[in-house]
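Have the structure open as you read.

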Amino acid sequence: MAIPRKPIQTVRQFARDHALFRPGPLLLAVSGGTDSTALLLVLAELAADAGLVLHVAHLDHRTRPRASAADAQYVADLAARCGATIRIGRAEAKPASEDAARTARYAFLRRVAAEIGATAIATGHTRDDQAETVLLHAARGSGLAGLAAMRPSRDGIVRPLLCLGRDDTTAICAGAGIAPREDPTNRSLTFARNRVRHKVMPELAKLNPRAAEALARLATSAGDALDALRAMAERSLASARDGDAIDLARLADDPTVREEALALAWERATGRALAARARAALAQEASRTDGSASLDLPGGRALREYGRLRIVPSPSSQRSVADGARGRGEAPQDEIVLEPDRAVQWGGWTLLLSRGHAGGGPDGWTAVAAAPDPHTGLRVRARRPGDRMAGETRAKLQDVLTDAKVPARDRDARPLVVTTSGEVWWVPEVTSRTPAGEWRIFAKRSG
């Protein structure tokens, strides 16, 4: 028997349409189940053409003590068959919930990805998983973001199998003559997703045999609409910025764009995404211009003075500069403009934007990175809640620092080189941008 060619071709085209792969190391999350097994088999077929070097990661969640060793051995054998290296991890304790298990799994995956320099992490989510996620989010009252569900690529995670159904992954494994491992908990109706999978989806299939595909198309449409809305909100928020406040009169008149811009500002300031009710409350307060008022919401407080709005993170959300000061140097609160050929001092560090220099830079500089156009307004500052890295994946800075094992006490004292849009371009001694162009950024510790 052989793996069916049609699903492989479908994944190849889907990956091209969404620019999922870049040449280099790619980390695959493989549990040993049908979908993740199919993921490895399909990508092994596509690896050579896409320039991928496959690495497999498998985490024992300690939920099945008697079967975990067999699961790990199965994945190891499969990785060897496909010519991939493997990393096996074990959770420190049995997770208390599905969310806890997911958090532990992705933390493990990101650590491994950072260690091998992976371009992305690939998971085996299928079109059926997407349909179930849409229904779960809709039942919980989600807005547009929830209906968009899982994106083909986001935060360094790629999902090449979103174009396939569960029947396809079963056929792939059967074609390869492989019997995947099955987790008995996938049949338990204790879990909400399983109730949707085994109870709701079969009923919907009676109304429309292709209900899963229809729901997946809904997710795609919602995602496209959300991307367009956020682009408009970004522009609206940028034009309304007035120092540390928002000039409400300069926000977009369209109520949907206006609400999205406010929600975006809140998430960047506090690191917390607002639910529908909180978003509506913030938008309602921002529609007023009389007198002064304050509004407490998850993660902080909105302070309005006539037509200006400031967002003040709560102590639990705000990254305290004092914590970083106990590290290697006191982190200044102000941003410093990084101008060409002018060294700047920032909290125990010296940074320089300069042209040329070979190798690791001038004598004494310990870190070097490629720089974009030096006239685009690069700045140096401390981290802020909600920071993300510049680039295709827009990975969360919090995850990057965790994966790099930067101690919590040192994180606020670590200089960030940021773009005018507020995205993090470089973190000295933590992230890498290969010096290839004319302009480079150099850094060294001053003390």
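The axes of helix α2 (residues 34-50) and helix α3 (residues 68-81) come within 10 Å and cross at roughly 15°. Axes here are lines fitted to C-alpha atoms, for helices over the stretch in contact, with angles running from 0 to 180 degrees between N-to-C directions. That makes α2 roughly parallel to α3, a label for angles under 35 degrees. On the α2 side, T37, L40 and L41 make the contact, and on the α3 side Y74, L78 and A79; contact means heavy atoms within 4.5 Å.

This is a predicted model, where local features need pLDDT of at least 70 and side-chain atom pairs count only at pLDDT 80 or more, while totals for chains, interfaces and linings use all residues. Residues are numbered from 1 along each chain as its sequence is written, and side-chain values use heavy atoms, with hydrogens and water left out.

Now for strand β1 (residues 24-29): five of its six residues are buried, so the rest of the structure largely encloses it. Buried means under 20% relative accessible area (1.4 Å probe, protein chains only). Helices (H or I, at least four residues) and strands (E, at least two) are DSSP runs, numbered from the N terminus.

| Pair | Sense | Bridges |
|---|---|---|
| β1 and β2 (residues 52-60) | parallel | six bridges |
| β1 and β4 (residues 121-122) | parallel | two bridges |

A29 has A57 in β2 as its bridge partner, while L28 stands opposite A122 in β4.

Technical notes: Buried means under 20% relative accessible area, exposed over 50%, partly exposed in between (1.4 Å probe, protein chains only). Two strands pair if DSSP finds at least two bridges between them. Angles under 35 degrees count as roughly parallel, over 145 as roughly antiparallel, 65 to 115 as roughly perpendicular and the rest as oblique.
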